[in-house]
Amino acid sequence: MAFKLNRDNVCARKAWSSHVLLDNVSKSFDKVKAVSGLTLVVEKGEFFSLLGPSGCGKTTTLRLIGGLDRPDEGAITIGNEVVVGEGVWVPPEKRGVGIVFQDYALFPHLTVFKNIAFGLKGCSPKELKQKVMELLEMVGLPHMAHKYPHELSGGERQRITLARSLAPSPKVMLLDEPFSSLDADLRDELRHETKWILKEKGTTTILVTHEQEEALSLSDRVGVLNNGKLEQVGTPDEIYHKPRSRFVADFVGKADFVHGWIEGSLVICDLGMFPLNGDIPDEVRDVELMIRTDDVDFTVEPGGNTVVIEAQFLGAQILYKLLLPDGKAIHSIKPSTKIIPVGSRVKIKVDTKHIVVFRK
Amino acid sequence: MDSTARIMRAVANLTRSWYLRCGHWLQGLPVSPLLIAAVVMLPVGVVSSALLTPTRQIWIHLWDTLLPEMLSNTFVLLPGVGVGTFLLGTGLAWLMVAYRFPGQTVLNWLLVLPMAVPTYVLGFVYMATFDFAGPVQSILRQWFGQNIWFPEIRSGGGAILVMVLVLYPYVYLLAKAGFYEQSGATFEEVRVLGYSRAESFFRIALPLARPSIVAGLTLAMMEALTDFATVRFFNFPTLSDGVIRIWHGMMDLRAASELSGLLVIFVLLIILFGRSLRGRSRYYQLGGKVLGIPPVNLRGWKRWFATSTCSLVVAVAFALPVMQLFHWALIEITRTPAEAISVYLGLTFNSLLLSVLAAGFATAIAMILANGVRLSEGRVARTAAHLATMGYAIPGAVIAVGILVPLSTLDHTINDLLQSWWGITIGLIFTGSVVGLTYAYVVRFMAVAYNSVESSLEKITPNITMAARTLGASPWKLLWRIHLPLVGPGMFVGASLVFVDVMKELPITVMLRPFGYDTLAVWVWQMAAESIWAGASLPALIIVIAGLLPVILLIGAATPKRSK
């Protein structure tokens with residue numbers, strides 16, 4: 001009984017952030033596999049992103065963790081408790097997860113105050129008021145308590161939704177593309193604000209997004225999903241510079257792929273010879289090299305064998321398209337402090353540190 | 001009767017084998033929507049099966065007596081009402097949308113008021129006014145002598161006129177919505193291409209509004225098909241009237257149900273007519289978004305012509321008849337002794353009781369249905385919901401017969417069994433009480449309740465439910481704190497619409513009421529049939545006033561806000 005009381009009294013609850021474990025989880029909808037054999041550990045207090053194109057199963061994964069859908073196979077553990085698995089099913093209201101939906105899903109008939117107070121069970125009126133006001137302060141909207149959701153702007157709604165889901169101190173916070181319906185300016189601001197609020201509270205967070213920039217800039221670690229399977233899990237740096245599959249290389253960051261072949265410990269391609277780093281089985285000879293646009297540099301040289309054929313102005317940087325002697329094109333990104341006109345003859349230099357080789 | 005027993009046995013068998021063989025399947029099936037659809041569709045099924053197993057003698061007899069006249073009258077009435085409501089409704093809607101003239105804002109909603117008057121009420125007022133003994137003809141005879149010619153009001157033309165005046169608002173409202181939703185750019189494009197305003201109307205505005213207009217026409221024609229009282233007043237018996245005559249005159253349930261089957265075919269004809277005219281764009285909506293066609297200020301005599309045309313329609317369809325009712329009602333109240341007034345109190349009580357019962361059940365069932373559809377999110381459940389809301393298209397007389405057949409079988413079976421087991425008679429439990437009536441009302445007006453409930457349920461996105469659950473809400477808290485507050489207003493609107501519809505309803509009430517159980521509507525019909533106008537006026541007035549409630553709600557929902 002004591003245990004139960006403790007569990008239901010949200011006000012007495014300290015942060016009880018936990019790790020999340022998915023063990024071989026699968027889920028199909030009408031015979032279409034949305035998630036297949038997903039195994040993943042998200043550490044306590046970690047900010048983890050699930051990144052992938054639409055339809056890759058990332059939202060389904062989130063819904064499975066939150067208990068909004070049941071997996072066909074596999075088990076999910078939050079903290080020390082198995083929430084779904086062999087014969088176990090903990091309904092969403094007992095899981096201690098917080099969710100922020102893309103459309104916010106604020107209760108339209110309740111004021112901001114009552115929205116936030118909704119999840120605060122077992123608090124005295126005084127505690128309730130104090131707690132709600134604390135949360136409102138935290139998201140920077142202390143004067144909004146008595147407004148209704150329809151009176152708020154998009155950014156304010158997002159902040160209130162965050163406050164509402166944080167109110168019961170969830171073990172895990174699940175964010176389902178929460179920034180996608182905001183303006184670009186506001187989005188950036190809110191992304192970082194949200195991250196710092198969650199970091200400060202030490203709440204384990206899983207963010208679902210299809211925007212690589214968002215995943216890379218916010219997360220401690222990123223999992224890239226494709227067709228319901230995890231392609232790679234790693235730090236943003238690893239995902240960007242050491243993609244483990246062609247898909248990850250393609251989806252994250254801008255890169256060109258060049259045909260090459262292996263000679264001993266060297267990779268040879270039209271751009272030159274590079275030392276081979278990483279293991280490639282002996283029998284493989286034909287390969288593809290991934291070259292990031294920021295690893296390609298060039299200098300203007302009248303006798304150069306490469307021509308600038310396009311320059312796309314991006315603000316601080318310019319993305320150049322360069323025509324190689326063999327008729328293929330490659331991209332290079334450079335600061336926009338100096339503009340190189342289209343038609344210039346140039347010479348290419350490639351930074352070999354980050355070149356990644358895939359078998360063809 | 002045989003076929004009913006067979007159907008019921010088959011249903012029982014099916015249910016049993018379901019439970020035995022695939023009980024676990026039931027979890028996956030949307031049980032409540034399917035069950036509701038089955039209960040609602042039962043009357044239609046009964047009647048249709050009666051038509052599929054025709055009895056020769058019945059049809060020979062019908063053909064020799066009433067049938068040819070009823071058929072030809074129905075075939076005249078439906079197109080007549082269709083054309084009339086189309087011309088009046090669409091014309092007025094275009095006037096409102098495309099032009100500016102004095103008094104427009106007020107006339108805009110005054111033109112919806114005739115909807116509050118049931119056809120049989122306007123019918124008897126017109127009959128009283130324009131009949132041979134009525135004031136109009138009397139005055140004309142005084143002025144021009146005894147042999148003055150006057151068109152016979154008790155005719156098909158009279159019936160059509162009355163129905164058009166009451167039913168045009170369906171077309172008017174929907175056509176207006178259809179015109180409002182159009183993009184002004186398209187309309188102006190056509191003008192730039194060299195067409196006049198009138199030509200643009202026929203080439204662009206009308207075709208684009210066609211789905212809405214046809215939806216309105218379909219509703220108006222279904223109302224015309226269900227009416228039996230007006231056509232009887234005007235000596236123009238149609239199929240609905242025929243069904244009731246057969247039941248009241250001959251107590252022949254078999255003949256009544258076979259003739260009802262024929263009515264179902266007319267319903268299908270109307271639906272087919274709507275489908276074929278609507279074409280592929282089948283959806284329409286009330287309530288406006290972007291206001292399209294830029295209105296033009298009418299000048300000179302035209303502006304006053306527009307104002308007076310609209311005023312005339314309001315006057316003849318609503319204002320004058322209601323004033324006449326007031327006049328009669330005053331006479332009635334002043335000359336009726338106080339104790340006789342209690343008759344009216346009794347009528348009002350009966351009407352209120354039935355309306356509250358039906359509104360409560362219809363709304364509750366609509367809620368269960370909408371919830372079931374929402375939870376299963378499947379094709380099966382949606383189809384079940386479609387079937388369960390079919391009743392609005394089925395004439396009241398058909399529903400009444402379709403309910404009488406199984407319920408009287410049930411009543412007699414129960415009585416026979418009790419008689420043979422214990423030797424007691426308990427009387428007719430279902431057909432002799434308000435149970436059958438309530439059942440029939442729920443079937444007929446389920447769509448009204450369902451649409452209101454469903455549209456407010458849409459406000460609760462699945463994410464709202466899920467957000468509440470992840471915040472730790474128990475199912476009860478979810479229902480009380482989130483779902484009910486959000487759906488409550490919609491349920492209330494749905495319930496009040498059903499309430500008023502039941503108050504006005506006549507064919508079902510006349511056929512299924514327990515013996516001697518009079519309601520306001522029944523009283524109006526009986527008094528008017530005896531040409532006791534003053535006696536009919538007070539209950540009629542109460543019905544009209546109650547009927548104004550949904551009309552006002554409708555005006556709010558269907559009037560797009562005009563930009564200033």
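How far apart are the centres of domain 1 of chain B and domain 2 of chain B, taken over C-alpha atoms? The two centres are separated by 28 Å, in a chain whose assignment gives domain 1 as 26-55 + 336-518 and domain 2 as 65-282 + 304-323; such bounds come from an automatic or database domain assignment.

This is a predicted model, in which local features need pLDDT of at least 70 and side-chain atom pairs count only at pLDDT 80 or more, while totals for chains, interfaces and linings use all residues. Residues are numbered from 1 along each chain as its sequence is written, chains are lettered from A and ligands numbered from 1 in the order in which they are written, and side-chain values use heavy atoms, with hydrogens and water left out.

**The three interfaces**

The table sets out the buried area, which is the accessible area (1.4 Å probe) that two parts lose on being put together, summed over both.

| Interface | Buried area | Share on carbon and sulfur atoms |
|---|---|---|
| Domain 1 and domain 2 of chain A | about 700 Å² | 55% |
| Chain A and chain B | about 1,800 Å² | 66% |
| Domain 1 and domain 2 of chain B | about 2,200 Å² | 73% |

**Between the domains of chain B**

Contact, meaning heavy atoms within 4.5 Å, joins 25 residues of domain 1 of chain B to 28 residues of domain 2 of chain B. On the domain 1 side, B:Leu51, B:Pro395 and B:Lys504 lose the most area to domain 2 of chain B, together 23% of what that side buries. One salt bridge is counted between these domains, a salt bridge being a side-chain nitrogen of Lys or Arg within 4 Å of a carboxyl oxygen of Asp or Glu; it links B:Arg444 with B:Glu223, whose closest N and O atoms are 3.8 Å apart. There are also eight residue pairs in polar contact across this interface (both at pLDDT 80 or more), where a polar contact is a pair of N or O atoms within 3.5 Å; within protein, one must be able to donate a hydrogen and the other to accept it, and residues adjacent in sequence count only if both atoms are side-chain atoms.

Helices (H or I, at least four residues) and strands (E, at least two) are DSSP runs, numbered from the N terminus.

**Between chain A and chain B**

Here the contact takes 22 residues from chain A and 17 residues from chain B. A:Glu93, A:His109 and A:Phe118 supply 36% of the area that chain A buries against chain B, more than any other three residues. A:Glu93 also takes part in a salt bridge with B:Arg469 (2.9 Å, N to O), and the rule finds one salt bridge across this interface. Five residue pairs are in polar contact between the chains (both at pLDDT 80 or more). On the chain A side, α2 (58-66), β7 (97-100) and α5 (154-166) are the elements that give two or more residues, and the residues of that side divide into 13 nonpolar, four polar and five charged.

**Within chain A**

Chain A is divided into domain 1 (18-246) and domain 2 (255-359), with eight residues from each domain in the contact. The C-alpha centres of these two domains lie 39 Å apart. A:Tyr240, A:His241 and A:Arg246 supply 77% of the area that domain 1 of chain A buries against domain 2 of chain A. A:Arg246 forms a salt bridge with A:Glu288, the closest N and O atoms being 2.8 Å apart. Helix α8 (residues 236-241) of chain A gives the most to the domain 1 side, with three residues.

Chain A also holds an open sheet of five strands in the order β2-β1-β4-β5-β6, with antiparallel pairing, and its edge strands are β2 (32-42) and β6. Two strands pair if DSSP finds at least two bridges between them; seven bridges join β1 (residues 20-29) to β2(A). β4(A) and β5(A) form a hairpin with two residues between them, and A:Gly79 in the turn has a positive phi of about 65 degrees.

Methods: Nonpolar A, V, L, I, M, F, W, Y, C, P; charged D, E, K, R; others polar.
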